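Thanks for coming. Please look at the sequence and the model first.

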Amino acid sequence: MTAIALSTGASSSEFDSMDWNNLPWQKVTSSVRRLQTRIAKAYREGNYGKAKSLQWLLAHSLHAKLLAVKRVTRNQGAKTPGVDNIVWRTPKQKMQAAMSLKRRGYTAQPLKRIYIPKKQKGKLRPLSIPVMHCRAQQALYLLALEPISEMMADKNSYGFRPLRSTADALGQCFLALCRNTSAEYILEGDIKSCFDTVSHPWLLNHIPMDKMMLKKWLAAGYLERGQLYATEYGVPQGGTISPTLLNMTLSGLEKAVKSATKRGDRVNVIVYADDFIITGKTKEVLENKVKPVVENFLKERGLVLSEEKTKITHIKEGFDFLGVNTRKYRNGKLIQKPAKDSVKKFLKDIRETIKQNKTAKTENLIRLLNPKITGWANYHRHYCSKRTFGYIGNQLFPLLWRWAKRRHPRKGSLWVSKKYYRHKGNQHWRFTTKIKGENSKTTYLDLVEINHISIRRHVKIKSDATPFDPAYEKYFRVRQTRRKEGRLFFPCKSQWSPWWEIAAH
């Protein structure tokens, strides 16, 4: 298939004959990205009419439709059906789905409502799952909306944005608080039921996208136990476009807060999705200047602060943000390390996994534990986590030893140790099992030793950087290359590296 056919469209018969797996995906992605860059440029220059026209063009291009279907069929929820129980699995289904993405005659179907447990015991979080067709439509219009959302976004907003992460948000926290002259008080903000209470009229009046499509998604309703419920406010948690809508709802918070304060107040705003912190020189600055502005800003959008979770904290007491505790100690050093709640939750998950697999093969248990250990450690390895990793390693050993001993009650400790543990270099008592590798050769599958994972500082993204601005094209290209080569992080000389060593990178 030629690039011309992709950009101008294809007939239904031609479309069915295309091979999904052999499409020129690099050309498809490049074509969409060029149009997104033009949308961002037009909006940045104040040419809103042109930006709207380019959005329309992108939402009706076959390139974008193919990319939208690809995204929804490759994400984590691709195998979870909506109320129609349809999932796109085969290449032919994906091709037909891309061709069916049309604005005319489109009707949003109700969402399937399920509940997942929250951090608080006994509380559940509502999750609304659209059907695959609605997910693809949202992904398509998200491609046209995302460039504008990036232009509108606050510099220090990091949640659900391309090429940004929690590590960047926490890196900004460090830079805002690490100096001796930095702010000493922090407003820990939490918005009550943020996704579920956003004002629909505000969204329809302020989100620069196809209003008809947005209105259909907001008013789709949801099915729970066979009964249809209307949605008068909020955006569904589980919708493809919902995180971006939330980001755009909160865009402007940083500007509103800084316009109400002066430079000497040392105010910094760091936002990640619906969680945010705001620093201030004194408690009075946060209580009398900042908090009223935040409350008015949120009220206009139908949102309110959670009285239980919103509080003002001194930096020497420390605060938890995104699973990491940030605190300045008596010696003046600011240290970030895994929060106690995060450690407890992780160990609880490990204990339950081991308990639920009492009779499982050793290989199966290791394959269950390794992704959990690696994922948690990789998230926290950018901070002062070495002692925590050692503590977790010490907690894991007796859990696995009891698991092994229970399986062989008549065997002695020496026999159990030889069967389940081995030495590897300087690492002793390594939980392991023998498996068949390539060419039927016997090899070992080891449990990841979390206390041997090195600490590597994350290089924070530039606050102004966005992938839709050509001025940062080289910056992101170099950054992505360094990430692939493992050079986006740098090893620290000790886990208490000074702030200037981190800021220099």
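Leaving aside its neighbours within four places in sequence, which residues is V290 in contact with? They are L187, V257, T261, V267, I278 and V285, where contact means heavy atoms within 4.5 Å.

Before going on, a word on what this is. This is a predicted model, in which local features need pLDDT of at least 70 and side-chain atom pairs count only at pLDDT 80 or more, while totals for chains, interfaces and linings use all residues. Residues are numbered from 1 along each chain as its sequence is written, and side-chain values use heavy atoms, with hydrogens and water left out.

Back to V290. V290 belongs to the largest nonpolar core, which has 76 residues. I207, I278, V290 and V294 are the ones with the most contacts inside that core. By nonpolar core I mean a set of buried Ala, Val, Leu, Ile, Met, Phe, Trp, Tyr and Cys residues joined through side-chain atoms within 4.5 Å. Buried means under 20% relative accessible area, exposed means over 50%, and partly exposed is in between, with a 1.4 Å probe and protein chains only. Helix 7, residues 132-152, gives the most to this core, with 11 residues. Helices here are DSSP runs of H or I with at least four residues, strands are runs of E with at least two, and both are numbered from the N terminus. There is also a second, separate core of 29 residues, and it includes V343, I354, I392 and I453. As general background, nonpolar side chains in soluble globular proteins tend to be buried together.

Now the whole chain. Its secondary structure comes to 20 helices and 16 strands. The C-alpha trace spans about 75 × 65 × 50 Å along its principal axes. With 505 residues, a compact globule would have a radius of gyration near 23 Å, and the chain has 26 Å, which agrees. That radius is taken over C-alpha atoms, and the globule rule is 2.2 Å times the number of residues to the power 0.38. Buried residues make up 49% of the 505. Of the contacts with a separation of 6 or more, 68% are between residues 24 or more positions apart.

Next, the packing around helix 16, residues 362-380. How do helix 15 and helix 16 pack, and at what angle? Helix 15, residues 340-356, packs on helix 16 at about 175°, with the axes 10 Å apart. Axes are lines fitted to C-alpha atoms, for helices over the stretch in contact, and angles run from 0 to 180 degrees between N-to-C directions. That makes helix 15 roughly antiparallel to helix 16, a label for angles over 145 degrees; under 35 counts as roughly parallel, 65 to 115 as roughly perpendicular and the rest as oblique. Ala, Val, Leu, Ile, Met, Phe, Trp, Tyr, Cys and Pro count as nonpolar, Asp, Glu, Lys and Arg as charged, and the others, Gly among them, as polar.

Helix 17, residues 386-407, also contacts helix 16: their axes come within 13 Å and cross at roughly 170°. Helix 16 and helix 17 are therefore roughly antiparallel too. On the helix 17 side, the contact residues are T388, F389, I392, L396, L400 and W403. This contact divides into 10 nonpolar, three polar and no charged residues.

Which helix is mostly covered? Helix 5, residues 62-72, has 10 of its 11 residues buried. Among them are H63, K65 and K70.

A176 sits in helix 8, residues 166-177, and counts as buried at 9% relative accessibility. Beyond its neighbours within four places, A176 is in contact with S182, A183, N268 and I270. A176 and I270 are 94 residues apart in sequence but 9.3 Å apart in space, C-alpha to C-alpha.

Two residues other than glycine have a positive phi: R266 near 55° and L322 near 60°. R266 lies in the loop between helix 13 and strand 6 and is partly exposed at 32%. L322 lies in the loop between strand 9 and strand 10 and is buried at 17%.
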